[in-house]
Amino acid sequence: MFFVPTSYVPYKYENDLEFLNEIGVQNILNISHLDPTEIIEVFTNFKAVITLRLHGAVYSTLAGVPTYHIYEADNSLDVIRDTFGESVPLLHISDFIIGDVEKIHQDVQRLINRKDELSFSMRQCIEENKEKTIETIKNSLKSYF
């Protein structure tokens with residue numbers, strides 16, 4: 001198991017790397033020097049990703065890796081649920097805190113067992129949304145040309 005910080009902002013309380021170091025986590029994979037394509041390539045090597053960051057969810061889904069997203073803000077719902085539907089389970093942070101760790105572990109194991117199916121589904125969602133976005137942009141730009 002690795003902890004992969006995806007927020008490296010200069011503000012201490014929003015910097016995942018500083019937080020993980022502060023609480024004594026050992027298995028940290030620092031990806032701050034990588035570009036997005038390289039980060040996605042790193043994520044392709046994981047069996048599954050459990051993430052509390054929207055960027056972690058985006059990277060793992062783009063890598064086709066089963067993703068379990070624990071979210072706090074509604075932007076995760078807008079991006080992840082609207083794009084990937086049921087392919088990416090979402091759990092609110094407050095439910096995670098009071099939740100059953102064994103159930104979460106079982107849920108993640110089920111995701112791993114369905115990796116090929118979920119990977120295909122996530123890639124299909126990405127392609128469908130890319131096509132919709134391109135069409136929307138084309139239609140929006142038509143009024144300018």
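## Fold, sheet and aromatic cluster of a predicted chain

Of the contacts in the chain with a separation of 6 or more, 38% are between residues 24 or more positions apart. The structure is a predicted model. Its chain has 145 residues, and 30% of them are buried. Taken along the principal axes, the C-alpha atoms fill a box of roughly 55 × 35 × 30 Å. The chain exposes about 9,700 Å², with 56% of that area supplied by carbon and sulfur atoms.

**Secondary structure and sheet**

Seven helices and three strands make up the secondary structure of the chain. Along the sequence they follow the pattern α-α-β-α-β-α-β-α-α-α. The three strands form an open sheet in the order β1-β2-β3, with parallel pairing. β1 (49-51) and β3 (90-92) each have a single partner strand and stand at the edges, so one side of each is left without a neighbour in the sheet. From one strand to the next, the twist averages 15 degrees.

Strand β2 (residues 67-71) runs parallel to β1 and is joined to it by three bridges. For T51, the bridge partner in β2 is H69.

Helix α4 (residues 74-84) packs on the sheet, where it touches β2 and β3. The direction of α4 makes about 160 degrees with that of β2. Helix α6 (residues 101-113) lies across β1, β2 and β3, and α6 runs at about 140 degrees to β2.

**Aromatic pairs**

The structure holds two aromatic pairs. Their geometry is listed below.

| Pair | Centre to centre | Angle between planes | Class |
|---|---|---|---|
| F43 and F46 | 5.3 Å | 70 degrees | edge-to-face |
| F43 and Y59 | 5.8 Å | 45 degrees | tilted |

The planes of F43 and F46 are at 70 degrees, so this pair counts as edge-to-face, the cut-off for that class being over 60 degrees. F43 and Y59, with 45 degrees between their planes, form a tilted pair. Because F43 lies in helix α2 (residues 36-43) and Y59 in helix α3 (residues 54-62), their pair ties together parts that are 16 residues apart in sequence.

F43 takes part in the pair with F46 and also in the pair with Y59. F43, F46 and Y59 form one aromatic cluster.

Conventions
Residues are numbered from 1 along each chain as its sequence is written. This is a predicted model: local features need pLDDT of at least 70, side-chain atom pairs count only at pLDDT 80 or more; totals for chains, interfaces and linings use all residues. Side-chain values use heavy atoms; hydrogens and water are left out. Rings of Phe, Tyr and Trp (its six-membered ring) pair if their centres lie within 6.5 Å; planes under 30 degrees apart count as stacked, over 60 as edge-to-face and the rest as tilted. Helices (H or I, at least four residues) and strands (E, at least two) are DSSP runs, numbered from the N terminus. Two strands pair if DSSP finds at least two bridges between them. Axes are lines fitted to C-alpha atoms, for helices over the stretch in contact, and angles run from 0 to 180 degrees between N-to-C directions. Contact means heavy atoms within 4.5 Å. Buried means under 20% relative accessible area, exposed over 50%, partly exposed in between (1.4 Å probe, protein chains only). Accessible areas come from the Shrake-Rupley method with a 1.4 Å probe; for residues, only the protein chains shown count as cover.
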